[in-house]
Amino acid sequence: MTIAPEIEIRPLPESAAADGGLMSELAGLVNEVYADAEAGLWAGGAARTSAAEIAGYVGAGEIVVALVDGRIAGCVRVRELDAGTGEFGMLAASPRHRGIGLGRELVRFAERRGRSRGHAEMQLELLVPREWRHPSKEFLAGWYGRIGYRPVGTGAVERDYPHLSPHLATPCDFVIYRKNLGPALEPADRT
Ligand SMILES: CC(C)(COP(=O)(O)OP(=O)(O)OC[C@H]1O[C@@H](n2cnc3c(N)ncnc32)[C@H](O)[C@@H]1OP(=O)(O)O)[C@@H](O)C(=O)NCCC(=O)NCCS
């Protein structure tokens, strides 16, 4: 599906999981983006993901990429949380291609996929420091609000993700956001 001449949103086929070079490229992109976006939240050296983890998600059909001039510039993981709910995460746009709509189009794609699967709602989790404000998290909270996501709950990392807790540099919560996807399902929404 082509959104604009230079941006293409494309779900990766499950078979792409066998492409080690591509898995490393995607893991590198996510880790580069999150090292900056979550600076100060993680103890030194904690990478967001690995090529092996990405390959697992690709093999499950969960990874969607954004291409600019045919090269990977962004990605998102989309999956089914339960029969009525989709979830997206690991949303990343390359710092070299910010502000041109990659993030917006990846989220739109995730929402279309959710609707086409009969999901009434889309969920995401935003990791935030408990005791201070993080500029990129503030930006995201504002943006998600503008595109229809509402906070519905807050969880503590140490309680809900105990394996991640030792890697945190500061106490963190994750805020759960949800958006009602609405009943409309246009032919163009079938992905
Ligand atoms: C979130 C992210 C994917 C957005 O990517 P992007 O492609 O730059 O965003 P877009 O161009 O689609 O713009 C999205 C919105 O942000 C706004 N925006 C983009 N860059 C901006 C900037 N520098 N300052 C202020 N607003 C900005 C756009 O105007 C747009 O708002 P609108 O939809 O109300 O018009 C990107 O910032 C990113 O990779 N962040 C780090 C990873 C991360 O935190 N992921 C989410 C974890 S929950």
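Which residue with a positive phi follows α3? The residue is Gly-118, with a phi near 85°.

The views below are taken from a predicted model, in which local features require pLDDT of at least 70, side-chain atom pairs count only at pLDDT 80 or more, and totals for chains, interfaces and linings use all residues. Residues are numbered from 1 along each chain as its sequence is written, and side-chain values use heavy atoms, with hydrogens and water left out.

View A. Helices (H or I, at least four residues) and strands (E, at least two) are DSSP runs, numbered from the N terminus. Helix α3 contains 15 residues and reaches 21 Å from its first C-alpha to its last, close to the expected 21 Å; the expected span is 1.5 Å times one less than the number of residues. The helix is mostly covered, with 12 of its 15 residues buried (buried, under 20% relative accessible area; exposed, over 50%; partly exposed, in between; 1.4 Å probe, protein chains only).

View B. Helix α4 (residues 135-146) has 12 residues and reaches 17 Å from its first C-alpha to its last, close to the 16 Å expected at 1.5 Å a residue. Its buried residues are Lys-137, Leu-140, Trp-143 and Tyr-144. Seen down the axis of α4, the buried residues fall within an arc of 125°, so they line one face of the helix; the arc is that of the directions from the helix axis to the C-beta atoms. Pro-135, Phe-139 and Arg-146 are exposed on the face turned away from the buried side.

**View C. The surroundings of helix α4.** After α4 comes Gly-148, which has a positive phi near 105°.

View D. Strands β3 (residues 63-68) and β4 (residues 71-82) run antiparallel and are joined by 6 bridges; two strands pair if DSSP finds at least two bridges between them. Leu-67 stands opposite Ile-72 in β4. The hairpin has 2 residues between the strands, and Asp-69 takes a positive phi near 50°.

**View E. The hairpin of β4 and β5.** Strands β4 and β5 run antiparallel and share 7 bridges. Their hairpin has 2 residues between the strands. Arg-79 has Glu-87 in β5 as its bridge partner.
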